[in-house]
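Take a moment with the chain shown here. The paragraphs that follow go from its overall fold to its core.

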Amino acid sequence: MEKVKQHFCVSCNREISTIKDSVIFKCPNCGNELARCGKCRGRSVEYVCKVCGFEGP
Ligand SMILES: [Zn+2]
Ligand SMILES: [Zn+2]
C-alpha cells in the first residue's frame with residue numbers, strides 16, 4: 001500500500017487535502033516545503049516556516 005503524504009496548513013494545522021484552493025509551496029528562504037489551506041490564503045494569514053523561522057504573508 002502506498003502511503004499518501006499528508007500536508008497540514010502552517011497557519012491553522014488543518015489537513016489541506018480537504019480544503020479547496022490549498023497550495024503547497026517552498027519557503028522562499030530555505031526551500032522547506034510548506035502547505036497552506038485555501039482559507040488561510042484567502043485571509044492572508046501569516047505563516048512561519050518551522051525550519052528557518054521565516055515569516056511571510
Ligand atoms: Zn489554514
Ligand atoms: Zn524556511
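One helix and four strands make up the secondary structure of the chain. Helices (H or I, at least four residues) and strands (E, at least two) are DSSP runs, numbered from the N terminus. The order from the N terminus is β-β-α-β-β. The chain has a radius of gyration of 11 Å, close to the 10 Å that the globule rule gives for 57 residues, so it is as compact as a globular protein of that length. That radius is taken over C-alpha atoms, and the rule is 2.2 Å times the number of residues to the power 0.38.

This is a predicted model: local features need pLDDT of at least 70, side-chain atom pairs count only at pLDDT 80 or more, and totals for chains, interfaces and linings use all residues. Residues are numbered from 1 along each chain as its sequence is written, while chains are lettered from A and ligands numbered from 1 in the order in which they are written.

Now the strands. E1 (residues 23-26) and E2 (residues 33-36) run antiparallel, joined by four bridges. Strands pair if DSSP finds at least two bridges between them. Phenylalanine 25 faces leucine 34 of E2. Six residues lie between the strands of this hairpin, and glycine 31 has a positive phi near 85° there.

Leucine 34 also belongs to the largest nonpolar core, which has eight residues.

Technical notes: Core = buried A, V, L, I, M, F, W, Y, C linked by C-beta atoms within 7 Å. Buried ≥ 20, exposed ≤ 12 C-beta atoms within 10 Å, placed from the backbone.
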